[in-house]
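The following exercises are to be worked with the sequence and the model at hand. Each task is followed by a solution in steps.

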Amino acid sequence: MASASTESSLLSKLETSDSTPIYSLFADYLRPFSDLQNDNTKPNPKSKPKAKPNQNLIRPLAKKFLAFLNNSITILPKRLSNLQSKDDHQTLVDELYDTYRLCLNCLELISSQLACKPYTIQLQRVRFVCCLVASGKGEDAVKEGLRVLETLRMMDFEGKCGDSEFGKVFVEAVAAIVQCAAVGRSKDCEVYRRVLGLFQEAKCWFMVLDANAYTKLHRVLVSYLGKCTQHLVEEIMCFNRDLVREFCEATLTEYAKSSMKDQFYKFCRRLCFTLFSLQESKPSPIIEIILCVLDSIACQCKQVELDNAGIELVELVSYCANKCRTAGTIFCSTIAGHLNHIGGHFPQVITPVDLILRLYATGLYLTNYEVKFRGGDLTSTRAAKDEFVLCCLPDDGDQLHNLASLLNALGSYFSFCCAKNFVSSSVECEDSISQLHLQPDSESSITSMQKNREAYMLSYLNALKFLCLPLAEQVNLEKKELVSDIEAAYIGPQLCSIQDAFYQFFDVFFSQR
């Protein structure tokens with residue numbers, strides 16, 4: 001009777017009291033467990049397993065205290081939740097957490113007498129970890145979470161590999177640790193290496209989850225991975241660049257597979273916005289992550305069942321290309337080369353994305369040259385000044401030669417032609433791009449192409465505008481040389497390509513009015 005009265009008093013105090021002590025009262029009542037605990041309140045996960053306690057000692061403890069322990073760990077999460085917003089109760093909160101931990105340790109000691117799965121106590125510990133996270137006790141939460149994972153790894157029972165509930169407990173523990181990393185915003189590389197390792201480990205258990213649990217937990221994990229990635233990008237100069245790239249690649253891959261894939265483009269855009277906002281002296285790590293983001297969204301675009309992926313890729317490229325104009329020549333040249341690489345690996349079925357990407361690449365090459373020209377890199381001698389800018393365009397991939405065939409392919413795809421009585425040099429081009437002519441072999445193909453034309457028309461116009469802007473600036477800058485008899489014969493083919501670009505821009509622009 002005395003025991004029942006003591007338990008009732010303790011539970012009442014646990015549920016309603018705003019004063020301390022609480023922990024010492026529970027510790028005193030649960031003192032019979034002291035012979036079994038062996039310092040289990042602060043276990044070392046790397047220590048060797050201890051000998052199993054005497055079951056003759058455990059059985060009476062389980063019979064006497066099981067109900068009390070279950071009631072205690074049922075009350076504690078709600079009580080802690082109610083006290084989170086009350087700063088003047090911090091001492092009470094700390095005691096409640098100590099009491100919570102004590103009850104879990106005692107419950108684990110008698111778990112061999114319980115009719116439950118071997119990992120049931122670890123499920124209760126995960127709930128404890130979630131309470132710690134909610135209270136802002138990230139360091140304690142990580143320690144407890146790692147303890148749970150170490151215990152789960154050491155478990156060996158029949159059917160473990162296919163046990164969905166076990167997998168759920170494991171993934172929830174990982175999610176709590178990843179959440180702590182996301183909230184903590186640490187600048188310690190090891191925090192994020194651990195997150196990557198745990199996530200890879202958790203992926204094995206996703207396979208045994210039911211559909212609802214998979215969707216929910218994967219979404220939660222991806223959300224926290226995204227926050228970690230955003231922090232790594234914002235503080236990119238504080239971290240190892242290989243780590244940042246690996247983390248970005250992993251996060252973007254999972255983002256694209258999750259129920260949040262409709263937010264994939266927005267997330268990529270947000271990362272690029274952050275990267276271009278960084279005012280750092282070393283552009284190479286920034287460019288490396290931008291290329292990583294472009295590769296990820298390009299990979300999604302190649303999955304033809306995603307109707308809007310191509311549009312989103314082109315929009316992101318447009319954003320990055322325009323930002324490159326003020327970011328410096330290294331941005332322009334590197335990203336231009338990468339866009340050509342991406343465009344060269346697209347299947348023909350998703351044209352005109354590849355063509356539009358190459359158009360932006362050409363525009364970036366021209367912008368890169370323009371910046372160098374204005375900066376004096378190409379005007380240090382009299383000869384350089386006389387050899388006007390359009391004749392000296394870099395020959396990376398024969399840019400102006402390829403421009404002619406590229407414009408021809410785009411004009412053909414979108415059914416636009418240049419002004420009457422003007423014969424473009426692109427007619428005579430026979431390289432790989434100019435040979436791209438999609439010939440629909442069915443009515444459905446024709447309908448699909450027509451829809452693509454309408455969907456990409458604005459993107460096509462924006463790409464032409466991006467290309468024509470540096471061309472127009474250089475033409476205005478060098479208009480005297482353009483009409484020079486000396487130079488006329490040499491620049492004729494190049495002028496045809498430039499005129500072709502302007503004519504296409506005008507055609508598309510006025511078609512949209």
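**Exercise 1: A glutamine in its surroundings**

Gln 122 lies in helix α6, which spans residues 120–134. The model is a predicted one. Determine whether Gln 122 is buried or exposed, and identify the side chain with which its own side chain makes a polar contact.

*Solution.* Step 1: the relative accessible area of Gln 122 is 2%. Step 2: a residue counts as buried under 20% relative accessible area; Gln 122 is therefore buried. Step 3: the side chain of Gln 122 makes a polar contact with the side chain of Glu 108, at 3.0 Å. Step 4: with neighbours within four places in sequence set aside, Glu 108 is again found in contact with Gln 122, together with Val 148, Thr 151, Leu 152, Met 155 and Val 169.

**Exercise 2: Two helix pairs**

Classify the relative orientation of α13 and α15, and then that of α12 and α14.

*Solution.* Step 1: helix α13 (residues 284–301) packs against helix α15 (residues 329–343) at an angle of about 25°, and their axes are 11 Å apart. Step 2: angles under 35 degrees count as roughly parallel, and α13 and α15 are therefore roughly parallel to each other. Step 3: their crossing is right-handed. Step 4: the residues of α13 that meet α15 include Ile 286, Ile 290, Leu 294 and Ala 298, while those of α15 include Phe 331, Ile 335, His 338 and Ile 342.

Step 1: for helix α12 (residues 264–277) and helix α14 (residues 309–327), the packing angle is about 5°, with the axes 11 Å apart. Step 6: α12 is therefore roughly parallel to α14. Step 7: α12 contributes Tyr 265, Cys 268, Arg 269, Cys 272, Phe 273 and Phe 276 to the contact, and among the residues from α14 are Glu 312, Glu 315, Tyr 319, Cys 320 and Cys 324.

**Exercise 3: The whole chain**

Definitions and conventions: Residues are numbered from 1 along each chain as its sequence is written. This is a predicted model: local features need pLDDT of at least 70, side-chain atom pairs count only at pLDDT 80 or more; totals for chains, interfaces and linings use all residues. Side-chain values use heavy atoms; hydrogens and water are left out. Helices (H or I, at least four residues) and strands (E, at least two) are DSSP runs, numbered from the N terminus. Buried means under 20% relative accessible area, exposed over 50%, partly exposed in between (1.4 Å probe, protein chains only). A polar contact is a pair of N or O atoms within 3.5 Å; within protein, one must be able to donate a hydrogen and the other to accept it, and residues adjacent in sequence count only if both atoms are side-chain atoms. Contact means heavy atoms within 4.5 Å. Axes are lines fitted to C-alpha atoms, for helices over the stretch in contact, and angles run from 0 to 180 degrees between N-to-C directions. Angles under 35 degrees count as roughly parallel, over 145 as roughly antiparallel, 65 to 115 as roughly perpendicular and the rest as oblique. A crossing is left-handed if the near helix is turned anticlockwise from the far one by less than a right angle, and right-handed if clockwise.
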